[in-house]
Amino acid sequence: MTRDEALALYRAMLLIRRFEERCAQIYVEGRIGGFLHLYIGQEAVAVAAMSLLRPDDYFITSYRDHGYALARGTDPRPLMAELCGKIGGISRGKGGSMHFYDVPSGNFGGDGIVAAHLPVAAGMGYAIRLRGTEQVVLCFFGDGAVNEGAFHEALNVSALWGLPVVYVIENNRYGMGTSLDRASSVKDLYQRGSAYGIPRRDVDGMDVLTVREALGEAIERARKEKRPTLLEVETYRYRGHSMSDPGKYRNKEEVEEMMRHDPILRFASVLKEQHEVKEADLEAMDKGVLAQVADAVRFADQSPWPAAETLYEDVYVRSPYVHAKTADRDPAWRAAVKEDRVPESFPEWAPLPAPAKVEG
Amino acid sequence: MPVITMREALNQAMREEMRRDPSVFLLGEEVGQYQGAYKITQGLLQEFGEWRVRDTPIAEEAIAGVAVGAAFVGMRPIAEMMTFNFSILALDQIVNHAAKYRYMSGGQIRCPMVMRGPSGAAAQVAAQHSQALESWYAHVPGLVVVMPSTPKDAKGLLKSAIRDDNPVIFMENEVLYNLKGEVPEEEFTIPLGLGEVKRVGKDVTIVAWSRSTQFALQAADLLAKDGVEAEVVDPRTLRPLDEDVIFDSVRKTNRCVVVEEGWRYAGFGAEIADRVQRGCFDDLDAPVIRVTAADVPMPYSRMLEKAYLPQPEKVVDAVRQVLYR
């Protein structure tokens, strides 16, 4: 790994940390509403993963979704505007914190229903197999998701059909306030992969390079061998499940102990020891990151509220197969447009490649 | 014009669309090697191969979720539910994913999928295998809900549903699979959201869809013997709803009966009654009356089943009520 590559990983983790800290502040000020699930402590996972994806790969995650979009390179400005419910938001103010989508970068969000996006990830993998491309799908979820039926259904068909999906359990030890011990009959969650006969492994999620190595292997397997992997990444969230969670189900000592393994601090020492990075370099980088986050908040502040007439937009795709007279009587159909709305920050949207002929 | 069954019409629609567009594929329980639990998918595996005609395990959430995910990235999946009773296991994928991702993403995502299969009452299979769920799906913005009543409608509407860029819930009826009708040989589609008058009359409007259209037409025959000319209107698509075809009829007949196989309580017929009383208030000479299933789970016994379902005689009674005869 070159010095620049290492610095890029560090900067991406730092951007997530600073972005999330700022979110917590403006949430308390009432500028962000609803649920806010912060990714602080888990940064190494998303950053390692996104550093390995090709531009045409897909990923999908749960509602704790800010880190992946930032790590993938989505402009923080429309993300912050989304949190503030503004029209300049990545989802035009219709999704909020749990629904960051950025389709041109392969980001299918932000799903609010625990484990429900696992079968969706399998479907993306199925499309890849039908087209015969070398794309992969990364699917992230928490330890709470493994007890849902959708987890079982998705892993079974992925293994059965050979789908190029990497399933990543981000085990942060708690599903909301319920510890893993109280929720799962098997404590080593990666062992659940044995039920489907698929490769499985657990890794230290507080070390970005370890996560990168394990994920790299799984992604390669998906790309070349068309086989899914179940990866358990042991990580930790420093904050509550959401902003409304005081975290009384765990003690302060546990949190402090985990913070000693902080992925950003750990990687800072690697940078210093192996890449001749000075503390002053890191401080300068931090200033730059803080300025970027401040700029995102400014953008969000200046972005207008969505006009009332946008309420009915984005429900349907305008279609020649729906009778025009009926469509014009229904506000959601009347407001429908034929094209997809692609965020301005990503103008380089390319249509999906035409599917290859399949044997029949 | 060839006369074929609804089963054959649905098969033709899928076969033609799969030939036309390589992004169309089919998945579901027993759709391939078994040739379809109701033989709707007969011969498709042989023509298109296992990747485009995918036999799945009994895993409805996976069937729906795989369809949703594939649709998000540009494919056009057709997810067959062996019956819509089992779609309740997949409801989250449809309601929270297929219907909402476009909205929640501010218009970035589209979900051009079809979920299809038989719905409504079958014959003596009791409460879990015999129910009409169209009101559940029609309630959800973001979905299109289609319920054909003839082979021609089934073919033309399914072709439109497959080509449409929105998620379409396409509800068939087991009892209608052997219903025969004329279907044009040449290429055709029928627009979604367009109803049709199935029988012309001047004395009363009977609104019905799917199998209920049969009850309505049989009732119209009985009424004709007494000199009552009933007009039978089939909206064909429940969402979006073609109000015009209903309103035009009610404005002519001044009376309206709605027939549905679903439960009365919060059923789709109430939506039609609501729209008719607002849209045709000055034209109505009687309240809108609904003929529905009984508000109980479907019983097994043949005699109770008959009492549970709308019947032509019950439709005749309702028509007499709105005619005050």
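1. Two strands pair if DSSP finds at least two bridges between them. In this predicted model, strands β3 (residues 137–142) and β4 (residues 165–171) of chain A meet that criterion with six bridges, in the parallel sense. One position in the pairing can be named: Phe141(A) stands opposite Ile169(A) of β4(A).

2. The β3–β4 pair of chain A belongs to an open sheet of six strands. The order is β2-β1-β3-β4-β8-β7, and the pairing is parallel. At the edges stand β2 (107–111) and β7 (200–204) of chain A. Each has a single partner strand, so one side of each is left without a neighbour in the sheet. On average, neighbouring strands are turned by 15 degrees against each other, direction ignored. As background, strands of a sheet pair through backbone hydrogen bonds, either parallel or antiparallel.

3. Helix α2 (residues 43–50) of chain A deserves a look. Is it enclosed or open? Eight of its eight residues are buried, so α2(A) is largely enclosed by the rest of the structure. The buried set includes Glu43(A) as well as Val45(A), Val47(A) and Met50(A). Ala44(A), Ala46(A), Ala48(A) and Ala49(A) are also in that set.

4. Next, the nonpolar core. The largest one holds 208 residues. Which members touch the most others? In chain A they are Cys139(A), Val166(A) and Leu231(A). In chain B they are Ala67(B), Ile206(B), Val257(B) and Val315(B). Helix α1 (residues 3–28) of chain A gives the most to this core, with ten residues. The core also draws at least three residues from each of domain 1 (3–182) and domain 2 (196–323) of chain B. In soluble globular proteins, nonpolar side chains tend to be buried together.

5. Leaving aside neighbours within four places in sequence, Leu231(A) is in contact with Val166(A), Tyr167(A), Val168(A) and Ile169(A), among others. Its contacts also include Tyr190(A), Arg201(A) and Val203(A). Ala214(A), Leu215(A) and Ala218(A) are on the list too. Ile169(A) is the residue that Phe141(A) stands opposite.

6. Chain B is assigned domain 1 (3–182) and domain 2 (196–323). Taken over C-alpha atoms, their centres are separated by 26 Å. How many residues are in contact across the two? 24 residues of domain 1 of chain B are in contact with 21 of domain 2. On the domain 1 side, α6 (134–138), β6 (144–146), α7 (151–163) and β7 (168–173) of chain B each give two or more residues. By class, that side has 15 nonpolar, seven polar and two charged residues.

7. The contact of the two chains takes 52 residues from chain B and 53 from chain A. On the chain B side, elements supplying at least two residues are α2 (44–48), α3 (60–72), α4 (91–98), α5 (101–104), α7 and α9 (243–253). Of these, α3(B) gives the most, with nine residues. The chain B side divides into 22 nonpolar, 18 polar and twelve charged residues.

8. Last, strand β13 (residues 256–263) of chain B. Seven of its eight residues are buried. β13(B) pairs in the parallel sense with β10 (residues 204–208) of chain B over four bridges. There, Val207(B) has Val258(B) as its bridge partner. Four bridges also join β13(B) to β14 (residues 289–293) of chain B, again parallel. In that pairing, Val257(B) stands opposite Ile289(B). Val257(B) is also one of the core residues that touch the most other members.

Conventions: Residues are numbered from 1 along each chain as its sequence is written. Chains are lettered from A and ligands numbered from 1 in the order in which they are written. This is a predicted model: local features need pLDDT of at least 70, side-chain atom pairs count only at pLDDT 80 or more; totals for chains, interfaces and linings use all residues. A residue is buried if 20 or more other C-beta atoms lie within 10 Å of its own, exposed if 12 or fewer, and partly exposed in between; C-beta atoms are placed from the backbone. Axes are lines fitted to C-alpha atoms, for helices over the stretch in contact, and angles run from 0 to 180 degrees between N-to-C directions. A nonpolar core is a set of buried Ala, Val, Leu, Ile, Met, Phe, Trp, Tyr and Cys residues joined through C-beta atoms within 7 Å. Domain bounds come from an automatic or database domain assignment. Two residues are in contact if their C-beta atoms, placed from the backbone, lie within 7 Å. Ala, Val, Leu, Ile, Met, Phe, Trp, Tyr, Cys and Pro count as nonpolar, Asp, Glu, Lys and Arg as charged, and the others, Gly among them, as polar.
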